[in-house]
Structures are given as structure tokens and as C-alpha cells.
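User: Could you take a close look at one part of this structure for me? I'd like to follow how its pieces pack together, in one connected account.

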Amino acid sequence: MRKQTPSDLVRTVQVRELLLGHLRHGRVQPIPALLTYLRETTADTTRSLRPYEEWALLAVSEEFYPLIKQISRFEAGAQSARAQRQYNLLPQDGLFEAATHRVLLREDTLRRAIQRARFLPEDSTFLQLFVSLLKMREQPASPAGGSSAEANAFLGQYPNTEYAAFLRLFVKPEMRPSRFSYGLDFHSGTSILTGSLPTYFRAGANLGHGFEFGWDRYQLYLRNYIGLGSTRQEFAYRGNWREGLKINYFVPEASVGYLVYEGGRVRLTPFAGLSAFFITAATSQKDNPDSELNMTFRHPLTAGVNLDFKLWQTESSGPYRHETGSWMLKLRAGIRQGQARHDAGFKGSILYLDLGIGGFGRMLKRVTQ
């Protein structure tokens, strides 16, 4: 093999195949020599093994001194973009899974070897913990698959070592909520018309949905609701509106709020913004003359307040995504003034009160420093 002159990538694939074969057949003695061969025959910038693959190989072959040296010097995020691209080119051949499976089978042997070696107490304790973490490993995307009582005990005993930083990053990562938030809700409620509008229209129930996007305490609301109602009397406005005609009124809205209070279970957010307001006949039949009736209002300003009640907390996580959020009961009250575009006699306000339920979330970012 040393007489060949293949490219670094070909050599890497060949050596990985050899390592995988040795692991599957229970031969760990050749592993250190193969790792040395890779280091000596490939360029310094070549990435032949992912970090967690090499750590598992060093552990299973009892190469504990280089293992603790690598882990103590590992810095998350220090790899260059070129190194990340090289890692992506490496085959997904199950090398890490084969190494962790062999760790499980050799667990007692590895623990005795750690106990016999002359390590500092924190080194020996960490190596025992690392064997446990490899044994309980379930996902190949990161070096350790979850927390354990053993990890908690180590962090309590050695909180300021390089190993503690490693454990907080991969086993018990410190997560910080993103400044950006997002939410979705569905709501229903009722409306009150003021001015001259209740003379002509009877408001009923309304329903709708809304999106919200936040940055720190600021909120952007994109909402729409459809109201159901009817006419109280016959009148003329760009057509004949007969008495008892079923109508829909639409109030789409874009507004900005500021979170003024956030307690344990309650949030209070006043808002102001712009909205449309128009009333149409409820019929959708093209040959029906009522379908041509519509009334659009000027003056698009709107304002109000949101009162949110937290129902329960939610958490979700995965290899690449961590999120925290809540389900909320959302009470919203607002006012929208208006004047009909083509007749100043039709003017007033619509006051609405909605009750809805929705989800609210923030991404969690892993703290690496």
C-alpha cells in the first residue's frame, strides 16, 4: 500500500475501508498504525476523518493520550469552510457506528486499561465518561448523544476543565433563544359598528387567522378576519342594497406592536398599524346582481392591544434544529375607523374583540463560547 501513489481522497477511502473491516472483525490493533499512515501520507490540510470518528477510533484502540489531547484542544467552529467541505465529501460508510459498537463490546477491557494508566483524576474520570457516552450513542451527527448522571457528576466536580467545555457543547449544550420569534394563530370573535354604520349593517361573528414575527420586544402582525352580517334596511350605494342581504366584511391588517409586559404566563402588547376595510355581499354567483355590491372605506389606521395567556411550554430538538415555544390563548381588541370612499354619509368605526389560540416559538442557538 505504501508503494502506491493514489490521491489523498482515494487513499482516505481505502484506509477507511480497512478500518471498517478491522472493526467488524474485532481487530483493533492495526487501527493506530492506519491512523498514523493517514497523517504521514496525506497533506496537512486533508481531512480524512470527522473529529468524532477519530475520537471513537482512538478510544476503541486504547489510544487514550492522543484522545484526551485532541478533545482538550478541540474548538467548535474553528474549522474553516474548506475543512467543512472536505468533511462533507467523506463517505457515510458507518465507520463511527462500527467504532461505537466495538466500544460497547470492549467496554470492560477499555475501563480496565483506563484504570491501569497513570492519568490525572480529571483525565481518568473523563475517559470513563467518554466510554459511557460512546456506548449510549444513538445519532451519528455529533460526538455524544445525550446527557447522563455521569456527565452531571463530572461537570459538578470539574466545572472549569477543557473537558467540561466539551461536555457542555456536545452533551449538555448551553442554548440561547434567538432574538427572532414567530407565531401563528386562529381566532374568532365579534364586532361592534359605530357611527352611521349600525344604521345600515348588522355585525355578527367573525373568524380569521394571523401571523406574527418578532425581534426582541417588537412584533409584526399580519392578520385578516372575515365578519359575517346582514343589512338592517334597504339603501343605495353604487347599487341597491336590499334589506336582510347577507354580507361579509373584511379587515386585513399589518401592524407593529411592542411588548410592554411579560410575566410568567401573561404578555401585554399594544399595537398600531394599517388595515383595509370593505363590505361585500356574501353571494358569489356571477349572474346575481348582489355580487356587484361592495363598499370600501378610507382612513386605514388601526390600533389596539393583545393580551396573551401561556397555556403550556413546548420544546423540540433534533440534530440540526432546536426550538422553544408556547401555545397561547390570545385575546385581541382593536378599532378601525373608516369612511366610505364614494359617500361621506357612510362612516364610523368597527370595534372588534377576538379570542384565538396559536403557537409562538423561537429558535435556540448553541452557545459555543
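**Helix packing and aromatic rings**

Let's start with R11, which is found in helix α1; helices here are DSSP runs of H or I with at least four residues, strands are E runs of at least two, and both are numbered from the N terminus. This is a predicted model, in which local features need pLDDT of at least 70 and side-chain atom pairs count only at pLDDT 80 or more, while totals for chains, interfaces and linings use all residues. Residues are numbered from 1 along each chain as its sequence is written, and side-chain values use heavy atoms, leaving out hydrogens and water.

R11 has 7% relative accessibility and therefore counts as buried (buried means under 20% relative accessible area, exposed over 50%, partly exposed in between, with a 1.4 Å probe and protein chains only). In sequence R11 is 26 residues from Y37, and in space their C-alpha atoms are 9.9 Å apart. Helix α1 also holds L18, which is partly exposed with a relative accessible area of 35%. L18 and P30 are twelve residues apart in sequence, with 9.3 Å from C-alpha to C-alpha.

Contact means heavy atoms within 4.5 Å. Among contacts between residues at least 6 apart in sequence, 67% join residues at least 24 apart.

Helix α1 comes up again through α6 (residues 95-105), whose buried residues pack against α1 (8-24), α3 (51-60), α7 and α8. Those buried residues of α6 are L95, F96, A98, A99, T100, R102 and V103.

Two of these neighbours, α7 and α8, pack against each other as well, at an angle of about 170 degrees and with their axes 9 Å apart. Axes are lines fitted to C-alpha atoms, for helices over the stretch in contact, and angles run from 0 to 180 degrees between N-to-C directions. The angle makes α7 roughly antiparallel to α8; the classes are roughly parallel under 35 degrees, roughly antiparallel over 145, roughly perpendicular from 65 to 115, and oblique for the rest. On the α7 side, E107, L110, R111, I114 and Q115 take part, and they meet S124, L127, Q128, V131, S132 and K135 in α8. By class, the residues of this α7 and α8 contact are four nonpolar, four polar and three charged (Ala, Val, Leu, Ile, Met, Phe, Trp, Tyr, Cys and Pro count as nonpolar, Asp, Glu, Lys and Arg as charged, and the others, Gly among them, as polar).

Helix α8 (residues 121-135) has another partner in α10 (residues 162-170), packing at an angle of about 20 degrees with the axes 11 Å apart. The two helices are therefore roughly parallel to each other. In passing α10, α8 makes a left-handed crossing, a term for the near helix being turned anticlockwise from the far one by less than a right angle, with right-handed meaning clockwise. Here E122, D123, F126, L129, F130 and L133 of α8 meet Y163, F166 and L167 of α10. Sorted by class, the contact of α8 with α10 has seven nonpolar, no polar and two charged residues.

Several of these residues carry rings that belong to a cluster: ring pairs link W55, F126, F130, F154, Y158, Y163 and F166. Rings of Phe, Tyr and Trp (its six-membered ring) pair if their centres lie within 6.5 Å, and planes under 30 degrees apart count as stacked, over 60 as edge-to-face and the rest as tilted.

Across the whole structure, a search finds 25 aromatic pairs. One of them joins F64 and F119 edge-to-face, 6.4 Å centre to centre and with 80 degrees between the planes. This pair links distant parts of the chain, 55 residues apart: F64 sits in helix α4 (residues 64-73) and F119 in the loop between α7 (107-116) and α8. Both F64 and F119 are buried. F154 and Y163 are both buried.
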